[in-house]
Amino acid sequence: MRWVGSLYIEQDTSHSLFKDAFRLVDGNPLKDGFLVQARLLLVIGLDGNRQRKKVRKLMAEARDISVQIGMNTHLFATANGRGMPILEESWRRTWWELYVVDALMSGVHQTNSFALYDVPTDVALPCEEYQYLTGQIPPPMHPQDMENIGLFDGTPFSSYTYRIQCACFLGTLQRMPTQVDHIDKLLANWKLRLPASKHDAHFNGELDEMMFQALMMWHAINILLHQPHSQLDPSSTYYIKACQPNTPALSSDVFNLHTIRTIRAARELSKLITYRVSLLTHTHFFAYMVTLSSTIHLSKWSLAFVAQDDEDLRQNIRLNIGALVKYAEMWSVAQHLGSQVKHIAKEVYMMKKRQQQPPEWAGLLPQEQMTANLGF
């Protein structure tokens, strides 16, 4: 935890703190919940710093140990909670955080290796953040309650639970990528059943980070679901490797439903950037989502019929690049992603400029184009 904290406030000490933390965890033969927590924290910090090899190793160990010691069962929290409700809640959260991070990493790295999705679990669901922070832990709800959402009653879940549901949707999409209608209904039902208090990821005037991440994941899953069937041509953004090839549209009047939903989800992801809180208070996984959103904006902008000076589109691209620049102050992965987005944005911009040039300018150098324009 000291190492992760140093990334925010004392980066000069980060390297030595990381070496100490990694030495305590790497190769440690003990198998307990605390070492699962330690590995998970290292995984999150290392992923934000592009240490993929270490991340894969530590994440695999955390998954294996968690199942071996039974963290995926409801009995684990009771047996290891020392009769303290807040400690029991901590163990439940450890399992579910590992589950969500496993989902996020499989999605952002496009590995489709969400291993914990296939692990049976009956771990009770986390409570609201303010309840956990104040130690007022209510009787927990259970995973089967999620399956009955909207069928029998309108009992709201915690923000953390809505986040878990989105992780489940991602696993379903990875296992059944052709079941578009089924997954679309899952996503629609989730949004329809959200309480009004959770529509904008704020609680009592403050950011609800768990709900923010749930909405972030929901929009991203919509893109992953609909983009392969859309009419956006991702060839210009292939370098970023966030899209799949398909047939581009010739006019916005003939956009199919998949295209419309893909574009809408990308806009909504960009809109999350405008929340009046520091971007660095959000998970670094948001940088990946901003990049995914950028690929959609750029794919749309690259279409021949979209104006080079489409102001709304350009503002969204600027917003996304600005967010990645801010994230890069702390997370090296954002610097890498941001440079990719800026590179492709420049290429699309130059392509649009060329499309607007008169035919007789083809092949001329910029200074020759200026001369031609002036009539010399």
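1. Helix α6 (residues 85-108) packs against helix α9 (residues 159-175) at an angle of about 40°, and their axes are 9 Å apart. The axes are lines fitted to C-alpha atoms, for helices over the stretch in contact, with angles running from 0 to 180 degrees between N-to-C directions. Helices here are DSSP runs (H or I, at least four residues), numbered from the N terminus. The model is predicted: local features need pLDDT of at least 70, side-chain atom pairs count only at pLDDT 80 or more, and totals for chains, interfaces and linings use all residues. Residues are numbered from 1 along each chain as its sequence is written, and side-chain values use heavy atoms, with hydrogens and water left out.

2. The helices α6 and α9 are therefore oblique to each other; angles under 35 degrees count as roughly parallel, over 145 as roughly antiparallel, 65 to 115 as roughly perpendicular and the rest as oblique. The crossing of α6 past α9 is left-handed, meaning that the near helix is turned anticlockwise from the far one by less than a right angle.

3. On the α6 side, the residues that meet α9 are Arg 93, Trp 96, Glu 97, Tyr 99, Val 100, Ala 103, Ser 106 and Gly 107. Their counterparts in α9 are Tyr 160, Arg 163, Ile 164, Ala 167, Cys 168, Leu 170 and Gln 174; contact means heavy atoms within 4.5 Å. By class, this contact of α6 with α9 comprises nine nonpolar, three polar and three charged residues. Ala, Val, Leu, Ile, Met, Phe, Trp, Tyr, Cys and Pro count as nonpolar, Asp, Glu, Lys and Arg as charged, and the others, Gly among them, as polar.

4. Gln 174, in helix α9, is buried, with a relative accessible area of 14%. The term buried means under 20% relative accessible area, exposed over 50%, and partly exposed in between (1.4 Å probe, protein chains only). Leaving aside neighbours within four places in sequence, Gln 174 is in contact with Ser 106, Gly 107, Asn 112, Ser 113 and Phe 114.

5. Arg 93 also forms a salt bridge with Glu 89 (2.9 Å, N to O), a salt bridge being a side-chain nitrogen of Lys or Arg within 4 Å of a carboxyl oxygen of Asp or Glu. The two residues are four apart in helix α6 and thus separated by about one helical turn. Arg 93 is buried at 7% relative accessible area, and Glu 89 is buried at 1%.

6. The count of salt bridges comes to 15. One of them joins Arg 23 to Asp 20, with the closest N and O atoms 2.9 Å apart. These residues lie three apart in helix α2 (residues 14-25), a separation of about one helical turn. Arg 23 is exposed at 57% relative accessibility, whereas Asp 20 is partly exposed at 36%.

7. Arg 261 and Asp 184 form a salt bridge at 2.3 Å, N to O. This pair links distant parts of the chain, 77 residues apart: Arg 261 belongs to helix α12 (residues 257-272) and Asp 184 to helix α10 (residues 180-192). Arg 261 is partly exposed, at 24% relative accessible area, while Asp 184 is buried at 17%. Elsewhere, salt bridges that share partners join Asp 26, Arg 39, Lys 57 and Glu 61 into one network.

8. Leu 269 is also found in helix α12 and is buried, at 1% relative accessibility. Beyond its neighbours within four places in sequence, its contacts are Met 216, His 219, Ala 220, Ile 223, Phe 286, Met 289 and Ser 293.
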